[in-house]
Amino acid sequence: MPYIKIESGKLTDEQKTLLIKRVTEVSAEIMHIPQEFFTTTITELPDTNFGIGGKTIDIIKSEYKRNR
């Protein structure tokens, strides 16, 4: 039974539903396994709990918005 784990920032319920649906569809197609065998979980992490290049995601988003 394939297990798909997604870690992300805050998502809406609509985004989660669509993400689970599409990831499952593509994975089933590629792996030739029925969609019913897939389990998918989404773990939402606050933007202050992970970073890129030494900066937390909330800082990166703030800088991006300022520079647009």
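User: Buried means under 20% relative accessible area, and exposed means over 50%. With that cut-off, is Asn49 buried or exposed?

Analyst: This is a predicted model. In it, Asn49 has a relative accessibility of 53%, so Asn49 counts as exposed.

User: Where does Asn49 lie?

Analyst: Asn49 belongs to the loop that runs between β2 and β3.

User: How many residues apart in sequence are Asn49 and Gly9, and how far apart in space?

Analyst: The two are separated by 40 residues in sequence, and their C-alpha atoms are 9.3 Å apart in space.

User: Let us step back to the whole chain. What does the secondary structure come to?

Analyst: The protein chain has 2 helices and 4 strands. Along the sequence they are arranged in the pattern β-α-β-β-β-α.

User: What is the radius of gyration of the protein chain, and what would a compact globule of 68 residues have?

Analyst: The radius of gyration of the protein chain is 16 Å, whereas a compact globule of 68 residues would come out near 11 Å. Along the principal axes, the C-alpha atoms fill a box of roughly 45 × 20 × 20 Å.

User: What share of the residues is buried?

Analyst: Buried residues account for 18% of the 68 residues in the protein chain.

User: And how much accessible surface is there, and what part of it belongs to carbon and sulfur atoms?

Analyst: The accessible surface of the protein chain is about 5,500 Å², and carbon and sulfur atoms contribute 56% of it.

User: Among contacts with a separation of 6 or more, what part comes from residues 24 or more positions apart?

Analyst: Residues 24 or more positions apart supply 55% of those contacts in the protein chain.

User: Now to helix α1. How many residues has it, and what does it reach from its first C-alpha to its last?

Analyst: Helix α1 covers residues 13–31, which is 19 residues, and reaches 27 Å from its first C-alpha to its last. That is close to the 27 Å expected at 1.5 Å a residue.

User: Which residues of α1 are buried?

Analyst: Thr24, Ser27 and Ala28 are buried in α1. They lie on the same side of the helix, because they cover an arc of only 100 degrees around the axis.

User: What do the buried residues of α1 pack against?

Analyst: They pack against strands β1 (3–8) and β2 (39–44).

User: Which exposed residues sit on the face of α1 turned away from the buried side?

Analyst: That face carries Glu14, Arg22, Glu29 and Ile30. Ile30 has a relative accessible area of 60% and is therefore exposed. From Ile30 to Gly53 is 23 residues in sequence and 33 Å in space, C-alpha to C-alpha.

User: What does the side chain of Ser27 reach?

Analyst: The Ser27 side chain reaches the backbone oxygen of Val23 at 2.8 Å. Apart from its neighbours within four places in sequence, Ser27 is in contact with Ile4 and Phe38.

User: And what does Thr24 touch?

Analyst: Not counting residues up to four places away in sequence, Thr24 touches Gln35, Phe38 and Thr40. Thr24 is buried, with a relative accessible area of 8%.

User: What follows α1?

Analyst: The residue after α1 is His32, which is found in the loop between α1 and β2. His32 is not a glycine, although it has a positive phi of about 60 degrees. With a relative accessible area of 72%, His32 is exposed.

User: A last topic: where is the place of Ile52?

Analyst: Ile52 is in strand β3, which spans residues 51–52.

User: Is Ile52 buried or exposed?

Analyst: Ile52 is exposed, at a relative accessible area of 57%. Leaving out residues up to four places away in sequence, Ile52 touches Ile57 and Ile60.

Notes. Residues numbered from 1 in each chain as written. Predicted model: local features only at pLDDT ≥ 70, side-chain atom pairs only at ≥ 80, totals over all residues. Heavy atoms only, no water. Expected span 1.5 Å × (residues − 1). Buried < 20%, exposed > 50% of the residue type's maximum accessible area, 1.4 Å probe, protein only. Arc of directions from axis to C-beta. Contact = heavy atoms within 4.5 Å. Polar contact = N/O pair within 3.5 Å; in protein donor to acceptor, adjacent residues only side chain to side chain. Rg over C-alpha atoms; globule rule 2.2 N^0.38 Å. Areas by Shrake-Rupley, 256 points an atom, 1.4 Å probe, with all protein chains shown as cover.
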